[in-house]
Amino acid sequence: MALNFHFGKARTVNLTIKDHIIRFVELKQANPPVPARTGARFLPPGIVKDGKIIDPETLETIMEECVANWKISRKQVRFLVPDPFVVIRKTSIPPDIKDDEIRGYLYMELGTSIHLPFEEAVFDFYPLSGKDSEKKELLLFAAPEEIVKEYVDLLERARLKPNAADISCLALYRLYHQFDFIANNDILMFESSICWRNLFPPKTCKRIH
């Protein structure tokens, strides 16, 4: 299973679930994007803690109420993976690995030459080096499959159609880039519970397919 950053052309609901609140925004198809509808619902303490769903039954009930009140039933939805569970790591792979073989290679190497703090992972990657480089360098994005599946199952039970998982720092970076808040040589540093990260220069910042 892969983290999916390709969202297509259909209007998609953007959703984030924090320890204390659920938020959504639906964007108009414009460049730059314009919010069409927004909503928020505060959560009682103890339902979600540090991104982990503690009380799934209560959260499901609240999520169903939100879906009904916001009139987003059966909508395509992209959601944020909770920051505490996200790993972003720079790694190298043999230069003879073809582009269409990278995902399979990473899948085979997870747990052997590529070590993560969890066993079963969902992941995606972004190539950092060009085709003519002596070695291929990637940014690897990974999260525990169990955690991602909990959120996918929650959204599906609430009659939503999750089609993409995103990472908060990358979503924020794309927003800055799309609104031209940064210059070509800028390096942004994001503080979150993931960690401090140097991210892509603007010309290489693309959604990951």
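This note goes through a predicted model, point by point, from its sheet to some individual residues.

1. **The sheet as a whole.** Strands of a sheet pair through backbone hydrogen bonds, and they may do so in a parallel or an antiparallel manner. In this model, five strands form an open sheet, and their order is E3-E2-E1-E6-E10. The pairing within this sheet is mixed. Strand E3, residues 34-42, and strand E10, residues 161-166, stand at the edges. Each of these two has a single partner strand, so one side of each is left without a neighbour in the sheet. From one strand to the next, the twist averages 25 degrees.

2. **A parallel pair in the sheet.** Strand E1 covers residues 13-17 and strand E6 covers residues 76-80. These two strands run parallel, and three bridges join them. Which residue of E6 is the bridge partner of Leu 15? The partner is Phe 79, a residue that returns in point 6.

3. **Helices packed on the sheet.** Helix H1, residues 56-70, packs on the sheet and touches E1, strand E2 (21-28) and E3. The direction of H1 makes about 145 degrees with that of E3. Helix H3, residues 145-157, also packs on the sheet, where it touches E1, E6 and E10. The direction of H3 makes about 145 degrees with that of E6.

4. Strands E2 and E3 run antiparallel and are joined by eight bridges.

5. Two packed helices are described by the angle between their axes and by the distance between the axes. For H1 and H3, the angle is about 50 degrees and the axes are 9 Å apart. That angle makes H1 oblique to H3. The crossing of H1 and H3 is right-handed. On the side of H1, Leu 59, Glu 60, Met 63 and Glu 64 take part in the meeting of the helices. On the side of H3, they meet Leu 154, Leu 155 and Arg 157.

6. **Aromatic pairs.** A pair of aromatic rings is described by the distance of the centres and the angle of the planes. How many aromatic pairs does a search of the whole structure find? The search finds two. In one of them, the rings of Phe 24 and Trp 70 have their centres 4.7 Å apart and their planes at 25 degrees, so the pair is stacked. Phe 24 lies in strand E2 and Trp 70 lies in helix H1, so this pair ties together parts that are 46 residues apart in sequence. Both Phe 24 and Trp 70 are buried. The rings of Phe 79 and Tyr 151 have their centres 6.4 Å apart and their planes at 15 degrees, so this pair is stacked too. Phe 79 in strand E6 and Tyr 151 in helix H3 are 72 residues apart, and their pair links distant parts of the chain. Phe 79 has a relative accessible area of 5% and is therefore buried. Tyr 151, at 2% relative accessibility, counts as buried.

7. **Pro 162.** This residue lies in strand E10. Is Pro 162 buried or partly exposed? Its relative accessible area is 21%, so Pro 162 is partly exposed. Leaving aside neighbours within four places in sequence, Pro 162 is in contact with Val 77, Phe 79, Val 152, Leu 155 and Glu 156. The C-alpha atoms of Pro 162 and Lys 75 are separated by 8.3 Å, although these residues are 87 residues apart along the chain.

8. **Glu 137.** Strand E9, residues 136-144, contains Glu 137. The relative accessibility of Glu 137 is 19%, so the residue counts as buried; the limit for this class is under 20%. Leaving aside neighbours within four places in sequence, the contacts of Glu 137 include Lys 90, Thr 91, Ser 92 and Tyr 126. Pro 127, Leu 128 and Ser 129 are also in contact with Glu 137.

9. **Asp 50.** The loop between strand E4 (48-49) and strand E5 (52-53) holds Asp 50. Not counting residues up to four places away in sequence, Asp 50 touches Asp 19, Pro 84 and Phe 85. The C-alpha atoms of Asp 50 and Lys 18 are separated by 8.1 Å, and the two residues are 32 residues apart along the chain.

Conventions: Residues numbered from 1 in each chain as written. Predicted model: local features only at pLDDT ≥ 70, side-chain atom pairs only at ≥ 80, totals over all residues. Heavy atoms only, no water. Pairing = 2+ DSSP bridges. Helix = DSSP H or I, 4+ residues; strand = E, 2+ residues; numbered from the N terminus. Axes fitted to C-alpha atoms, helices over the stretch in contact; angles between N-to-C directions. Contact = heavy atoms within 4.5 Å. Buried < 20%, exposed > 50% of the residue type's maximum accessible area, 1.4 Å probe, protein only. Phe/Tyr/Trp six-rings, centres within 6.5 Å; stacked < 30°, edge-to-face > 60°. Parallel < 35°, antiparallel > 145°, perpendicular 65-115°, else oblique. Left-handed = near helix turned anticlockwise from the far one by under 90°.
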